[in-house]
Amino acid sequence: MQLVLEKRAERSRTIALVSPLIAIGLTLVTMSVLFAILGKNPITALGVYFIAPLTDSYSLQEIAVKATPLVMIAIGLSLCYLANVWNIGAEGQFLIGAVAGSWIAVKTQGSEAGHWVLPAMLIAGAVAGALYALIPALCRVKFGASEILTSLMLVYVADLLLDYLVRGPWRDPAGFNFPTTAEFDPVATVPVLIEGGRLHLGSLIALLVVACAFVLLDRTIKGFEIRVVGVAPRAARFGGFNANQLVLLTFAVSGALAGLAGIIEVAGPIGHLQPGISPGYGFTAIIVAFLGRLNPVGILIAGLFLALTFIGGEQAQITMKIPLDVTKVFQGILLFYVLACDSLILYRFKLVFASRQVQSGAG
């Protein structure tokens, strides 16, 4: 008797819907075992991670703040993945967008510039992110280079560029030698929506991005083209769709959203440019995109869930002395289970009973 994977005649819609729930359930079971190994009560730990942040209004705002960059980046990544191109370097596009937008804030620091500063920063961040994403896209289109490798390597270039700027020419002279720029002027910061909290205008922009992506994918020819090129590239060629142009377009949009998220993060919750502005948003957004089934509404829900793990992880570190890195372990295990469960959409388990033939011969 053998347990084998058998290809389905067609995709299982039921498994496609419940796969994320199965992955979350398996992740919670695995994390319970990990908490027990660490000597912590699994029920208490899971409560701190997933229940406690939902009972406090400030924590709810923080979840929305954390979800904002995750959702924006994941929406852009979903367009790439639906078109069967693989942008793994959203983290670098996030950082380069933050750097480009911060350049305007630094140059206008103390100059009593008008309200044009923030819109200019947002545009600069989006444009820089798009241009940075076009580097691996062009390398793929022109030279056949792997966009996975080139986009990933560019993450480290952006990170080192940011580190150089805040430790060198942009460092705040009055900052006690810390690697950070001066605090941005009020005209260069994203407005707060709730007095006394950190919920800002960027969260509304993220909702607008979700709505636009939904309309694009479900109501436009371009959205249809993205899906067709990703699922059936040969049929797309017969239909007159240009796959190379779509690679450039999806990478540019993805990079623009990541860059926009970067400058919103810097001009919003942080208020200045410094190293470590991202706890890995660009990589976590990959999990968000797949957990949300590459669907804008699903991505919004998945983004809020992953944001909950960030806030819950911080609370668990404070109240239970659980290392913050456990949050990254949780996210990695979740991605593993999501991808594993996704295989059941196209395949199913089947028991095969092998019949044994006994042959006898005269000696």
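Reader: How are α11 and α12 set relative to each other: parallel, antiparallel, perpendicular or oblique?
Author: This is a predicted model, where local features need pLDDT of at least 70, side-chain atom pairs count only at pLDDT 80 or more, and totals for chains, interfaces and linings use all residues. Residues are numbered from 1 along each chain as its sequence is written, and side-chain values use heavy atoms, without hydrogens and water. Helix α11 (residues 281-291) and helix α12 (residues 296-320) have axes 8 Å apart and pack at about 135°. Under 35 degrees counts as roughly parallel, over 145 as roughly antiparallel, 65 to 115 as roughly perpendicular and the rest as oblique, so α11 and α12 are oblique.

Reader: Which kind of aromatic pair do Tyr281 and Phe310 form?
Author: Rings pair if their centres lie within 6.5 Å; planes under 30 degrees apart are stacked, over 60 edge-to-face and the rest tilted. For Tyr281 and Phe310 it's 6.1 Å centre to centre with 70° between the planes, so by that rule the pair is edge-to-face.

Reader: How far apart in sequence are the parts that this pair ties together?
Author: Both Tyr281 and Phe310 are buried (under 20% relative accessible area, with a 1.4 Å probe and protein chains only). Tyr281 sits in α11 and Phe310 in α12, so the parts tied together are 29 residues apart.

Reader: Which helix holds Phe330, the partner of Phe305?
Author: Phe305 and Phe330 make a tilted pair, 6.3 Å centre to centre and 50° between planes. Phe305 is in α12, and 25 residues away Phe330 is in helix α13.

Technical notes: Axes are lines fitted to C-alpha atoms, for helices over the stretch in contact, and angles run from 0 to 180 degrees between N-to-C directions. Helices (H or I, at least four residues) and strands (E, at least two) are DSSP runs, numbered from the N terminus. Rings of Phe, Tyr and Trp (its six-membered ring) pair if their centres lie within 6.5 Å; planes under 30 degrees apart count as stacked, over 60 as edge-to-face and the rest as tilted. Buried means under 20% relative accessible area, exposed over 50%, partly exposed in between (1.4 Å probe, protein chains only).
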